Each structure stands twice: as structure tokens, then as C-alpha cells.
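Biologist: Could you walk me through this structure slowly, as I am new to reading them?

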Amino acid sequence: MVSGAANVIGPKICLEDKMLMSSVKDNVGRGLNIALVNGVSGELIEARAFDMWAGDVNDLLKFIRPLHEGTLVFVASYDDPATKMNEETRKLFSDLGSKNVKDLAFRDSWVFVGAKGVQNKSPFEQHVKNSRHTNKYEGWPEALEMEGCIPRRSTAS
């Protein structure tokens, strides 16, 4: 997974060498890029981008509220992940295992993988604050890149 940065790098979400979201697939955008994946089969359920600067947060809420237990949620930010976030949005991501969503702010970089029904905080999360003192690009922090092995759920619970 790669978060976007300025107009230099677009966000990407890849699973088992299969590109789920990227600028080449033309399914990413400013805000939060989210791929929902079946936690048992590893199959893509749906992928969408949510503009968190000028979009409607209710579209995002309608997308993540009805998730089924075990659904994996891959998130890669681009430009602004947080301006439209409200308390409910932050709680939903926290319930998916995010420890950084409560601190997410304008133009921060964020990558995260969580799951509906997760018991602990996800180890698959990175966050870089937007700071004029540390930004790599003028007005934007560096892109984040994260790799890892995410355990699948067995069908038996």
C-alpha cells in the first residue's frame, strides 16, 4: 500500500500481487481510498474513493457502517484524509483497529488495514503529520509505503 503525496505520487492498494486501487485503474481520488476485502477468501468486495475535503462524509459512513464481521478494510490517503471526518467516522475506524484516526488532520498521510470485529489495535497502520517543518513536499508530508502479511480468517469462528 502507498498513500498519495502532493501531485507527485498517487495512492495504491495491492493485495497478493493484484492491484486493487491505483491511478492506472482510475479508481483513486483525493481523500480516503478504501478497498473492502473478504477476510476469508481474499477477494475484493468493493473499492471506492471518498473526497474528505469537498465530498459528503455521509457517503463514507454508508460505505463502512454495514460491514460484515471479518471484512478487511484497506485505506490509503491522498491529499486530505480528515477535513470532513466527524466523531462517528473516527469511531468506526477506531473500531476497525485504528489507533491514529483520532489524531488525523488536514493533509496528513495515512495508510491503514483493519477489520470488522478486530479485538485489538491493528499493527498495519502508519501516519505522518502534515507539518511545514518536516514535509517532504511543499505543503504535503511524504508518501507512506507499507507491506506485510495479513492473516486470513478461517471460516470457523
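Predicted model: local features only at pLDDT ≥ 70, side-chain atom pairs only at ≥ 80, totals over all residues.

Biologist: Okay, how many aromatic pairs does the structure hold?

Modeller: There are five aromatic pairs in the structure. In one of them, the ring centres of Phe-50 and Phe-63 lie 5.0 Å apart and the planes stand at 50°, so the pair is tilted.

Biologist: Where in the chain do Phe-50 and Phe-63 sit?

Modeller: Phe-50 belongs to strand E4 (residues 44-50) and Phe-63 to helix H1 (residues 57-64), so to speak distant parts of the chain, 13 residues apart, that the pair links. Both Phe-50 and Phe-63 are buried.

Biologist: And what about Phe-93 and Phe-112, why is that pair called edge-to-face?

Modeller: The pair counts as edge-to-face because the planes of Phe-93 and Phe-112 stand at 80°, and planes over 60 degrees apart fall in that class. The centres of these two rings are 6.5 Å apart. Since Phe-93 lies in helix H2 (residues 87-95) and Phe-112 in strand E6 (residues 109-115), the pair ties together parts that are 19 residues apart in sequence.

Biologist: Are those two buried or exposed?

Modeller: Phe-93 is buried, with a relative accessible area of 0%, and Phe-112 is buried with a relative accessible area of 0% as well. Together with Trp-110, Phe-93 and Phe-112 form one aromatic cluster.

Biologist: Switching to strands, why is E5 said to be largely enclosed?

Modeller: Strand E5 covers residues 72-78, and six of its seven residues are buried, so the rest of the structure largely encloses it.

Biologist: Which strands does E5 pair with?

Modeller: E5 pairs with strand E3 (residues 31-37) in the antiparallel sense, over seven bridges, and Ala-35 stands opposite Phe-74 of E5. E5 is also joined to E6 by five bridges, and these two strands run antiparallel, with Leu-72 having Ala-115 in E6 as its bridge partner.

Biologist: Back to H1, which of its residues are buried?

Modeller: The buried residues of H1 are Val-57, Leu-60, Leu-61, Phe-63 and Ile-64. Looking down the axis of H1, you would find these buried residues within an arc of 160°, so they line one face of the helix. The buried residues of H1 pack against E3, E4 and H2.

Biologist: What caps the N-terminal end of H1?

Modeller: Asp-56 does, with a side-chain oxygen that lies 2.9 Å from the backbone nitrogen of Asn-58.

Biologist: Last topic, how many salt bridges are there?

Modeller: The count comes to five salt bridges. One of them joins the side chains of Asp-51 and Arg-30 at 2.9 Å, N to O. Asp-51 lies in the loop between E4 and H1 and Arg-30 in the loop between strand E2 (18-21) and E3, so this pair ties together parts that are 21 residues apart in sequence.

Biologist: What about Arg-65, which residue is its salt-bridge partner?

Modeller: Arg-65 forms a salt bridge with Glu-88, and their closest N and O atoms are 2.7 Å apart. Because Arg-65 lies in the loop between H1 and E5 while Glu-88 is in helix H2, the pair ties together parts that are 23 residues apart in sequence. Arg-65 is partly exposed, at a relative accessible area of 39%, and Glu-88 is partly exposed at 35%.

Note on methods: Residues numbered from 1 in each chain as written. Heavy atoms only, no water. Phe/Tyr/Trp six-rings, centres within 6.5 Å; stacked < 30°, edge-to-face > 60°. Helix = DSSP H or I, 4+ residues; strand = E, 2+ residues; numbered from the N terminus. Buried < 20%, exposed > 50% of the residue type's maximum accessible area, 1.4 Å probe, protein only. Pairing = 2+ DSSP bridges. Arc of directions from axis to C-beta. Contact = heavy atoms within 4.5 Å. Polar contact = N/O pair within 3.5 Å; in protein donor to acceptor, adjacent residues only side chain to side chain. Salt bridge = Lys/Arg side-chain N within 4 Å of Asp/Glu carboxyl O.
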